[in-house]
Amino acid sequence: MKTLFLQAPSFDGFDGGAGSRYQAKREIKSFWYPTWLAQPAALVPGSRVLDAPVEELSVEETLDIAAGYELVIIHTSTPSFPTDAKFAELIKQRRADILIGMVGAKVAVEPDASLLASPAIDFVAREEFDYTCKEVAEGRAFKDIAGISYKLIDGSVQHNPSRATIEQMDDLPFVAPIYQRDLKIDRYFIGYLLHPYVSIYTGRGCRSKCTFCLWPQTVGGHRYRVRSAANVLAEAKWIKENMPQVRELMFDDDTFTDSSNMERVHEIARGLHAMGWTWSCNAKANVPYESLKIMKENGLRLLLVGYESGDDQILHNIKKGLRTDIARTFTENCRKLGITVHGTFILGLPGETKETIARTIAYAKEINPHTIQVSLAAPYPGTTLYKQAIENGWLEHNTAANTVNDKGVQLAMISYPHLSKEEIFHGVETFYRSFYFRPSKIWEIVKEMAGSWEMTRRRLREGVEFFRFLRAHEA
């Protein structure tokens, strides 16, 4: 079947295609690659990936393109599902014979509710959906495809047996050729990564048990299944030879530096260095100094680190498997080695109080990552945090989908008897102002800008967007 893998139109700057837990409009407009669509697309000959938000396509423009396909597979998320379902209905109005499926964590954990939400959705894929999409595109009968749920003629929902987890990760084709074929590389930018960049996964799953983290609890699982170092380096080589404009590789695995994986990380790092790559990755704040040194000496530029909180009890509550003193030492080691750190924090996690928010802000200023991102605790269905929030009355079940407003700005959904969601929401603004509006941090950014006209233009643009974000939080 002629197949379109679609990130449907949404509000300006919505990054629903990100593999992260933070599917919303960011403080600074940025886009991750739709890897979760590109991977199955690489298994379906003649398919196309269309990232409508990134290409700034209107609803009508996207409908015109979708009408030329027999099968449309939409990546959806809890925040984007209502508009994605409406878009599916518009496709059916254009051509009733188009088969429409949805993939993503939202439909994986709520297949019944997702299918019954709209008559336009013909099937949803549960678990890892790469080979599921391939088999649907091959025209196989629904009854013979593992891992899908679909509606029967009488309107009831049929759940086929689950699809086995992918173990041989090297069997999956590279995603970079799909990026080059279908995407506009220069449209993908992240404030802390060199531009243009490319992000890929070298493995799936995460052994950490963080209660809030979406993908390990819904699709990827808690076993870290990896591609071989040789396979990763082969894709890096392909990118180097075929996408010469790319300045940085980002490894978007949930925890690329998992302690069970460090020898493989060292091997990949040395191979990347031999090719002349600059690279970055997601890391837990517990990587030993010796490994950080090897990584830095072999092209590592930046680590994206989830600190989450500056309060040890909150870290224990969310099963982070980390203490603030360990993260503090790790950050000091990164500074000694010249590794840039982008730190992420979350407000509103279980145990949060006005005092812990102040403690986290003080902690962030003390360890001083180069840049930060502050999110609100997002209770996505399928996560332990969601179950806790419902059971404890921190979140009303019928409002759980409203994780963003109509402009895509993330909302505070969790509230506590001692701390309202409004106080948590405005804590984000306080956090950003306290961290960035310090003379030392302003001077740090000015020095960075002084070294590059490109960086000056970029930071000025981001500054305008950042102030707009703060104003939105004040409203």
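**Notebook: salt bridges**

I began with D144, which is partly exposed at a relative accessible area of 48%. My cut-offs: buried is under 20% relative accessible area, exposed is over 50%, and partly exposed lies in between (1.4 Å probe, protein chains only).

I noted that this is a predicted model, where local features need pLDDT of at least 70, side-chain atom pairs count only at pLDDT 80 or more, and totals for chains, interfaces and linings use all residues. Residues are numbered from 1 along each chain as its sequence is written, and side-chain values use heavy atoms, leaving out hydrogens and water.

Which residue forms a salt bridge with D144? I found K143, with the closest N and O atoms 3.2 Å apart. A salt bridge here is a side-chain nitrogen of Lys or Arg within 4 Å of a carboxyl oxygen of Asp or Glu. K143 is exposed, at 62%.

Next I looked up R126 and found its side chain in a salt bridge with E127, at 3.4 Å from N to O. R126 is buried, at 7% relative accessibility, while E127 is partly exposed, at 22%.

Then I turned to E60 and R94, whose closest N and O atoms are 2.5 Å apart in their salt bridge. E60 sits in helix α3 (residues 59-66) and R94 in helix α4 (residues 81-94), so this pair ties together parts 34 residues apart in sequence. My helices are DSSP runs (H or I, at least four residues), numbered from the N terminus. E60 is partly exposed at 46%, and R94 is partly exposed at 36%.

I also spotted a network of salt bridges linking K134, E135, E138, R140 and R163. For the whole structure, I wrote down 29 salt bridges.

Terms used
Helices (H or I, at least four residues) and strands (E, at least two) are DSSP runs, numbered from the N terminus.
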